[in-house]
Amino acid sequence: MSVDTDRLISFFILWGTPAVFSIVDYFKLSKTEKKEAIRDLTSVKSIVTTGFILTGEVMASLGKLQAVISAASARYRYFYFSHWWCRGRY
């Protein structure tokens, strides 16, 4: 399994930068502001929103997986049916 370095760097930039900024800002908050932030993040609205986002990401990943599987299946069919032993059979 090969790792595409460009995609890995893009992943860390797109997801790592906001995560680092959020963590740094959280540590700058006072105790009362931290309690409010935790209360807001554990609210029903926040949890449902996060659930919808994660559900969308899972569905997108399944779509990509299905595309990879169908492409691999097409390559297999081409490889199998293009050989001399199955010409004329199908």
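Guide: F12 lies in helix 1, which spans residues 5-28. A helix here is a DSSP run of H or I with at least four residues, a strand a run of E with at least two, both numbered from the N terminus. The model is predicted: local features need pLDDT of at least 70 and side-chain atom pairs 80 or more, while totals for chains, interfaces and linings use all residues. Residues are numbered from 1 along each chain as its sequence is written, and side-chain values use heavy atoms, without hydrogens and water.

Visitor: How many helices and strands does the protein have?

Guide: The protein has three helices and zero strands. Read from the N terminus, the order is α-α-α.

Visitor: What share of the residues counts as buried?

Guide: Buried means under 20% relative accessible area, exposed over 50%, and partly exposed in between (1.4 Å probe, protein chains only). Of the 90 residues, 2% are buried. The accessible surface (Shrake-Rupley, 1.4 Å probe; for residues, only the protein chains shown count as cover) is about 8500 Å², with 69% of it on carbon and sulfur atoms.

Visitor: Which residues form the nonpolar patch on the surface?

Guide: Patch residues have over 30% relative accessible area and no salt bridge; nonpolar side chains (Val, Leu, Ile, Met, Phe, Trp, Tyr) are joined within 5 Å, like charges within 9 Å. A salt bridge puts a Lys or Arg side-chain nitrogen within 4 Å of an Asp or Glu carboxyl oxygen. Here L8, F11, F12, L14 and W15 form the patch, with about 570 Å² of accessible area together. F12 is exposed, at 52% relative accessible area.

Visitor: Which residues form the aromatic pair, and how are their rings set?

Guide: Rings of Phe, Tyr and Trp (its six-membered ring) pair with centres within 6.5 Å; planes under 30 degrees apart are stacked, over 60 edge-to-face, the rest tilted. The structure holds one such pair. Y26 and F27 are edge-to-face, 6.0 Å centre to centre with 65° between the planes. Y26 is partly exposed at 31%, and F27 is exposed at 60%.

Visitor: What does Y26 touch beyond its sequence neighbours?

Guide: Contact means heavy atoms within 4.5 Å. Y26, found in helix 1, contacts K34 and I38, leaving aside neighbours within four places in sequence. The C-alpha atoms of Y26 and A37, eleven residues apart along the chain, are 8.5 Å from each other.

Visitor: Where does the charged end of K34 sit?

Guide: A charge sits over a ring if Lys NZ or Arg CZ is within 6 Å of the ring centre and within 35 degrees of the ring normal. The charged end of K34 sits over the ring of Y26, 5.3 Å from the ring's centre.
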